[in-house]
Amino acid sequence: MLELKNLNAGYGAVQVLNNVSLTVPDRSVVTLLGANGAGKSTTLNTIAGLIKAWSGSIDYRGKACAGVAPHSLVRRGIALVAEQRELFLNMTVIENLMLGAFTRDDKAEVQQSLDEVFDMFPRLAERRSQNTRTLSGGEQQMLAIGRGLMSRPSLLLLDEPSLGIAPILVQEIFAQVRKINQQGVAVLVVEQNASVAMDVATYGYVMENGSISIEGPVETLKADPRIQEAYLGDGGH
Ligand code: ATP
């Protein structure tokens, strides 16, 4: 289980996260919703160790994470798929995937993970030797998720996987997120596309101005007029 308690963090002197508490049980899918600039990416980046927590706690499977280096958190099972995807555009698909396995040294098991990623995203298998720069946005997102999986995580932090992607590919990517979860991986997914996120998640949090304003089981959130109005709009169901 991932547990954030009263987390405060920000940039320079500017506080962004304000007493954020949230929980991601093992093997669950939890979504973090909210408008632009609410602090969702900052939350994920703080969990992944890229931003220093000012105060409060982040525990994963009973061990404190605050102050732990990002690569050590990867070894503990936490993989971040960042909003900017952070791919090496001049490298091939397979080279980017192998970078995700940097914490692992068992070649046979890494090869098995690679096969699993290619099974999950056949488009990546077809394009394994292709330069990453020439992939579509959706394919790059698949690659970023695939690279995250190459560290064999128990918790995947996904930052806006639907951003800038054709709707058909969004469905494909979320179908795979569901499968990843069925294999036992917990997922914390940040989304502006609340509708698609709530189709996969069982519990959700809404962030406003750096604080959690609403939380609950997804079924409750879907029925909440505040959520329907602000996040589901006409595209919701
Ligand atoms: P979006 O969906 O637009 O990514 P978000 O909810 O993920 O929104 P964050 O990216 O966490 O929001 O940003 C929260 C606040 O922190 C914003 O006011 C933003 O301008 C600020 N911020 C983000 N990154 C930095 C940075 N590197 N330096 C300074 N301020 C930042």
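How far from an oxygen atom of the ligand is an N or O atom in the side chain of E83? In this predicted model, the separation is 3.1 Å. The briefing below covers the ligand site, the strand pairing and the nonpolar cores.

**Ligand site**

- The ligand is surrounded by 13 residues, of which N36, G37, K40, S41 and T42 are the closest.
- Helix α1, spanning residues 40-47, contributes 3 residues to the shell around the ligand, the most of any element.
- In the side chain of N36, an N or O atom lies 2.8 Å from a ligand oxygen atom.
- For E160, the distance from a polar side-chain atom to an oxygen atom of the ligand is 3.0 Å.
- The protein buries 57% of the 630 Å² that the ligand exposes when taken alone.

**Strand pairing**

- Strands β1 (residues 2-11) and β2 (residues 14-24) are antiparallel and pair over 7 bridges.
- These two strands form a hairpin with 2 residues between them, and G10 is opposite Q15 in β2.
- In the turn of this hairpin, G12 has a positive phi of about 60°.
- Strand β1 is also joined to strand β4 (residues 53-60), in the antiparallel sense, by 6 bridges; here N8 stands opposite S55 in β4.

**Nonpolar cores**

- The largest nonpolar core comprises 48 residues, and L97, L124, I145, L156, L158, M198 and I227 have the most contacts inside it.
- Helix α7 (residues 167-182) gives the most to this core, supplying 6 residues.
- Another core, apart from the largest one, has 30 residues, including L4, L17, V68 and L155.
- Beyond its neighbours within four places in sequence, I227 contacts M198, V206, I214, L221 and L232.

Terms used
Residues are numbered from 1 along each chain as its sequence is written. This is a predicted model: local features need pLDDT of at least 70, side-chain atom pairs count only at pLDDT 80 or more; totals for chains, interfaces and linings use all residues. Side-chain values use heavy atoms; hydrogens and water are left out. A nonpolar core is a set of buried Ala, Val, Leu, Ile, Met, Phe, Trp, Tyr and Cys residues joined through side-chain atoms within 4.5 Å. Buried means under 20% relative accessible area, exposed over 50%, partly exposed in between (1.4 Å probe, protein chains only). Helices (H or I, at least four residues) and strands (E, at least two) are DSSP runs, numbered from the N terminus. Contact means heavy atoms within 4.5 Å. Two strands pair if DSSP finds at least two bridges between them. A residue is near a molecule or strand if one of its heavy atoms lies within 4 Å of it. A polar contact is a pair of N or O atoms within 3.5 Å; within protein, one must be able to donate a hydrogen and the other to accept it, and residues adjacent in sequence count only if both atoms are side-chain atoms. Accessible areas come from the Shrake-Rupley method with a 1.4 Å probe; for residues, only the protein chains shown count as cover.
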